[in-house]
Amino acid sequence: MKNSETNESFIFSLIIEDLEETISAENKVILDQWRQDAEANEKLYMEFRSVQINLDKLVERHDIDAHHSWNMLDQKLDQQVFPLDEARSGESTEGKDEQPLKVRKNNSMPYFWMKMAAMLLILSTLGYGYFFWKNKDIVINTGTALLTNVVLPDGTDLNLNAGTSISYSKNNFLTDRKLVLINGEAFVKVAPNQKSQFRVEMGGVEAKDIGTRFNISRNEQQSTVIVEEGEVEFKEAGTTRKVNLTAGKLGIYDHKNQTLMALDNPDLNYKAWLDKNFVFTEVPLKEVVQKMEKVYQAKIEIVGDGLKERKLTAKLQYQNLDSALAVVSASLDCKLSQSDGKFLLSEK
């Protein structure tokens with residue numbers, strides 16, 4: 001029973017995360033499989049979804065009737081209870097003294113209405129509109145091996161690299177177009193809007209769009225912006241320090257030293273994670289392999305120290321790693337093979 005309740009709690013948490021649009025890619029796969037396993041599972045999911053939609057409508061009308069909601073829940077809960085003696089013996093209770101009631105778990109909808117009652121208790125205590133919606137953020141987490149495309153409410157197009165997390169306001173985004181890059185990397189195509197300037201917060205620094213397309217990344221050490229088109233204002237939060245970045249420029253903010261700088265972008269392959277487009281000019285094979293491993297998220301081994309230093313000059317644009325490596329092996333006159341789930345490059 002304890003394991004069953006734990007599993008139910010886990011599934012409930014996944015459903016809520018899915019409806020809140022905060023579920024991770026890995027958990028989304030688990031939830032989708034659970035929904036497909038049984039008709040009762042899908043029915044339960046749709047019950048949650050129905051409640052979510054109805055609550056959304058209540059918020060839009062700003063007319064939440066907590067008393068009526070509690071009455072409706074009481075009716076549902078009444079259908080889930082019966083006398084304690086009957087629970088133990090299965091005997092009728094007609095003519096007997098009234099016994100304390102015991103909640104009965106319904107196999108198709110375990111604890112569902114209980115959880116809805118708990119939710120409405122919070123709503124009536126704290127004020128649903130303020131607590132759940134006024135400051136609500138949408139949080140999106142990509143999986144460790146998944147590229148994700150997201151279109152924001154204003155039409156801004158985001159491509160998120162694997163292992164990336166972002167957030168933005170669900171309700172206020174159209175009036176305050178602020179995106180938070182929590183970690184990871186994204187390529188942004190900003191939708192024009194003269195009334196609200198698009199900006200990205202990246203931990204101690206902010207990038208403001210002035211009509212552009214740009215690549216952003218953030219980790220524990222630094223935040224960066226590479227402008228492909230247009231212009232970006234790259235500004236340290238809480239100060240007047242800023243740099244303006246035009247096409248082909250790289251902005252770097254060092255979180256530890258709190259330094260902000262702008263320079264020419266030296267990396268022609270900065271967007272290869274998205275378009276698989278590589279340009280190599282006299283680049284040692286070991287550096288080529290490092291870049292390709294990161295982009296394709298695969299293991300490549302070079303056999304032979306001499307081959308590691310052999311330099312590659314080539315333009316590659318292949319969605320599949322084996323096709324790209326075939327060109328590399330032909331260009332450097334080496335052998336390509338596979339073993340134990342990894343690619344091998346070795347001298348002939």
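Predicted model: local features only at pLDDT ≥ 70, side-chain atom pairs only at ≥ 80, totals over all residues.
**Exercise 1.** Work out how helix 9 and helix 11 run relative to each other, and which residues make the contact.

*Solution.* Start with the axes: helix 9 (residues 285-296) and helix 11 (residues 321-332) come within 12 Å and cross at roughly 175°. Now apply the cut-off: the two helices are therefore roughly antiparallel. Next, look at who touches whom. Helix 9 brings Leu285, Met292 and Tyr296, while helix 11 brings Leu321, Ala324, Leu325, Val328 and Leu332. Sort those residues by type and you get eight nonpolar, no polar and no charged.

**Exercise 2.** Find what Lys286 pairs with, and say whether the partners are buried, partly exposed or exposed.

*Solution.* First, the partner: the Lys286 side chain meets that of Glu309 in a salt bridge, at 2.9 Å from N to O. Second, the location: Lys286 sits in helix 9 and Glu309 in the loop between helix 10 (305-308) and strand 18 (311-317), so the pair ties together parts 23 residues apart in sequence.

**Exercise 3.** Describe the largest nonpolar core and the surroundings of Ile216.

*Solution.* Begin with the core: it has 29 residues, and Ile216 is one of those with the most contacts inside it. Strand 7 (residues 178-189) gives the largest share, four residues. Then zoom in: leaving aside neighbours within four places in sequence, Ile216 contacts residues including Leu181, Val188, Val200 and Met202.

Technical notes: Residues numbered from 1 in each chain as written. Heavy atoms only, no water. Axes fitted to C-alpha atoms, helices over the stretch in contact; angles between N-to-C directions. Parallel < 35°, antiparallel > 145°, perpendicular 65-115°, else oblique. Contact = heavy atoms within 4.5 Å. Nonpolar A, V, L, I, M, F, W, Y, C, P; charged D, E, K, R; others polar. Core = buried A, V, L, I, M, F, W, Y, C linked by side-chain atoms within 4.5 Å. Buried < 20%, exposed > 50% of the residue type's maximum accessible area, 1.4 Å probe, protein only. Salt bridge = Lys/Arg side-chain N within 4 Å of Asp/Glu carboxyl O.
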